[in-house]
Amino acid sequence: MHDHTQQEMTATAETVLARRYYLKDDAGQSVETWETLCRRVADAVAQGGSQGQQSDELREEFFQLIYHLDFLPNSPCLMNAGTDLGQLSACFVLPVEDSMDGIFTAIRNGALVHKTGGGTGYSFSRLRSKNAAVRSTQGVASGPLSFAAVFDVATETIKQGGKRRGANMGVLRIDHPDIMDFIRAKEDQNKFNNFNFSVAITDAFMTAVEDGCEYDLIEPATGAVVACLDARSVFEKIIDLAWHNGEPGVLFIDAANRANMTPQLGVFEATNPCGEQWLLPYESCNLGSINLANFVVNGQVDYGRLKRVAQMATVFLDNVIDCNRFPIPEIEAMTLKTRKIGLGIMGLHDMLIQMAIPYGSAEGRTLAAEVMQLVRDAAEERSMQLAEEKGAFPAYDPAINTYGARRNAALTSIQPTGTVSMIADCASGCEPYFSIVMVKHVMDGDRLILVNKYFEQIARREGFYSEELMSKVADSGTVMGHDEIPARWQEVFCTAQDIRPEDHIRMQGTLQQSGVDSSISKTINLPHNATREEVKLCYLLGYQLGCKGLTVYRDGSRDSQVLNAGGELSATEQVAVVSCDGMVKKNLPDTLNAKRYRLKDHDQKSVYIIVCFDENEKPMEVFAKFPFDNRIDLKDKSTMWTTTCRLVSLALRFNIPVSEIIKQLDRSSGHMLDLPAQLSKLFKSFMAGTQHGFASACPECSGQLIFEEGCETCHQCGYSKCS
């Protein structure tokens with residue numbers, strides 16, 4: 001597939017690998033390189049297949065596949081293959097039975113999964129509703145949400161293998177009596193922080209929405225209809241909350257079950273944390289993604305090599321099942337019955353850029369469909385060959401599965417690749433790039449302009465490259481609207497926030513229908529000023545196009561994104577350093593826009609903080625004012641606050657990163673209500689702003705968290721809330 005030339009890794013990739021993937025010695029120092037990591041993974045997974053000479057050949061083919069970044073398995077495989085832990089799967093679904101024993105068995109099993117690096121999906125739909133009768137105690141049930149809170153606390157206490165934080169999907173059917181409580185559960189964003197919540201929506205409910213009628217709520221403990229709700233009112237509430245902060249998501253459960261290849265084993269109730277894997281209770285799935293960026297030659301897709309890589313990746317993922325160490329026996333038994341794999345893609349936007357095709361165009365969707373269908377067909381062809389060599393998956397039933405014997409009940413999905421795509425230096429999954437040019441501030445105060453590698457190459461080749469232009473693009477957060485950039489390239493480099501929501505959904509629908517067995521993890525990005533009606537249209541279109549689930553995210557809609565601002569930091573992508581400006585104090589105009597914030601100090605006295613913003617709405621100056629600062633007893637405090645604000649303002653005008661200012665304020669703070677703490681809290685809300693709204697700060701590196709693939713991800717250090 002490739003020769004043995006040394007694989008060049010980006011500085012970002014090496015940082016992520018050293019931080020998260022390389023094995024460490026007792027002192028915490030890396031004892032691996034990219035080459036030795038790939039050897040470790042290839043050697044371990046090859047043992048899952050045939051032995052002898054063929055195993056040696058397979059080992060080398062697996063190594064080449066990963067080493068040259070044509071295909072990367074999911075993070076648990078890269079981290080754990082060839083180690084004592086040996087748990088290689090990313091996603092699991094665990095049943096939650098309607099009994100105390102069943103509930104706490106699920107919590108225990110979830111803890112064991114999280115400990116080994118997996119993410120879990122739970123359906124709470126079997127649990128009897130709040131205040132339903134409990135015969136054994138003559139009491140009443142506390143309902144699904146009360147138990148979901150226990151799952152959330154349990155997850156909080158477990159760090160996944162020291163490298164990954166536990167992630168959960170919580171699902172409740174639309175016809176559960178407690179559905180309204182579930183829909184509103186994350187309106188308070190301080191609750192259920194270890195869960196993504198999604199509503200399992202039925203076809204019957206969508207028909208009731210269309211017809212404007214009521215639908216039945218069914219008590220799971222008895223199967224009886226206990227109430228009715230107006231379908232449109234419930235749908236509007238889901239839309240309102242999704243508009244408010246992106247949750248709950250929606251899962252179209254009937255569409256998923258129509259594609260269930262083993263209905264004799266049960267029905268789908270839930271997905272993994274990011275929604276791309278519908279799994280039966282106790283099933284697991286190991287994932288991997290083909291890097292489409294590597295398959296464009298002279299502006300054309302190399303379909304022949306893509307087919308060969310897809311087939312080899314299918315063998316790799318099937319082998320993972322046999323060399324995997326499962327967290328509990330029930331998961332092992334169920335996984336071996338169906339042998340599901342999730343072969344996906346990343347770098348779709350890279351492929352389109354290299355072919356000068358806009359992501360949001362019909363042409364882009366056509367190409368994406370062709371590529372995904374080829375991957376699916378190649379995987380199926382190889383899986384059928386494996387069935388001849390080793391046997392079909394044990395649950396295969398020719399009376400149900402009329403497509404022919406395969407080794408694997410499911411073959412393809414499109415999963416989040418936030419961290420592995422940083423290693424591969426490509427766009428995540430099937431998502432478009434989030435930014436093309438960005439500004440990054442480093443410890444000594446320098447300002448680095450970072451540019452997407454394709455954009456830099458084309459800009460230089462076509463003569464419109466300049467550091468001034470790159471700086472302008474970084475500050476605006478978009479290539480759109482810059483006259484220096486030809487219109488054609490503005491369209492090609494259109495990013496997630498600039499692509500119409502309809503085009504996001506049509507891409508997801510096209511891929512779902514063109515070669516995805518399971519589902520797709522993708523975020524439908526909406527601008528901050530999007531209306532609830534636009535969110536509604538997204539859901540309706542996604543349902544019509546056959547999507548099995550949908551995550552809509554209106555930019556700036558989280559609590560930590562309360563302001564719109566021009567970009568001190570844009571989302572970090574895999575980029576190349578272009579320029580490095582020295583420290584320069586920014587001159588300010590006579591007039592600046594400002595916002596006033598009223599705070600309380602630790603004596604419960606009111607203090608007003610005034611923050612002034614430049615033309616890009618980046619904070620430039622900070623002032624503190626007491627309502628009665630001429631009082632003698634407040635003089636010292638007022639002087640201290642004023643001096644601190646002057647120093648912070650000076651740091652801002654010298655482009656000191658806000659993250660560094662926050663660190664110093666936190667170190668200086670002695671009380672949660674004193675000035676440094678108050679300023680720190682305020683600046684954390686400004687942290688990593690883009691033109692589209694301030695974003696959450698990464699808890700590990702203080703970089704910007706962006707919302708893509710249904711999850712908050714940091715493209716700077718590889719942290720992900722879900723993977």
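The exercises below, each with a worked solution, concern a predicted model.

**Exercise 1. Strand 3 and its neighbours**

Determine which strands pair with strand 3 and in what direction they run, and state whether its residues are buried or exposed.

Solution. 
- Step 1. Strand 3 spans residues 119-123. It is joined by 4 bridges to strand 2 (residues 91-94), and the two run parallel. In this pairing, Phe-92 is opposite Thr-120.
- Step 2. Between strand 2 and strand 3 the chain passes through helix 5 (residues 100-115), forming a right-handed β-α-β crossover.
- Step 3. Another 4 bridges link strand 3 to strand 8 (residues 168-173), again in a parallel arrangement. Here Tyr-122 has Gly-170 as its bridge partner.

**Exercise 2. The ends and buried residues of helix 16**

Identify the residue that caps the N-terminal end of helix 16, the buried residues of this helix, and the residue that follows it.

Solution. 
- Step 1. The N-terminal cap is Asn-452, which places a side-chain oxygen 2.9 Å from the backbone nitrogen of Tyr-454.
- Step 2. Helix 16 covers residues 453-462, and its buried residues are Tyr-454, Phe-455, Glu-456, Ile-458 and Ala-459.
- Step 3. After the helix comes Gly-463, with a positive phi near 85°.

**Exercise 3. Helix 9 against helix 20**

Describe how the axes of helix 9 and helix 20 cross, then locate the cis peptide bond at Pro-248.

Solution. 
- Step 1. The axes of helix 9 (residues 231-245) and helix 20 (residues 532-544) come within 9 Å and cross at roughly 110°.
- Step 2. Angles of 65 to 115 degrees count as roughly perpendicular. The two helices are therefore roughly perpendicular to each other.
- Step 3. The crossing of helix 9 past helix 20 is right-handed.
- Step 4. Pro-248 lies in the loop between helix 9 and strand 12 (249-252). The peptide bond joining Glu-247 and Pro-248 is cis, with omega about 5°.

Terms used: Residues are numbered from 1 along each chain as its sequence is written. This is a predicted model: local features need pLDDT of at least 70, side-chain atom pairs count only at pLDDT 80 or more; totals for chains, interfaces and linings use all residues. Side-chain values use heavy atoms; hydrogens and water are left out. Buried means under 20% relative accessible area, exposed over 50%, partly exposed in between (1.4 Å probe, protein chains only). A polar contact is a pair of N or O atoms within 3.5 Å; within protein, one must be able to donate a hydrogen and the other to accept it, and residues adjacent in sequence count only if both atoms are side-chain atoms. Two strands pair if DSSP finds at least two bridges between them. A crossover is right-handed if, with the strands pointing away from the viewer, the path from the first strand over the helix to the second runs clockwise. Axes are lines fitted to C-alpha atoms, for helices over the stretch in contact, and angles run from 0 to 180 degrees between N-to-C directions. Angles under 35 degrees count as roughly parallel, over 145 as roughly antiparallel, 65 to 115 as roughly perpendicular and the rest as oblique. A crossing is left-handed if the near helix is turned anticlockwise from the far one by less than a right angle, and right-handed if clockwise.
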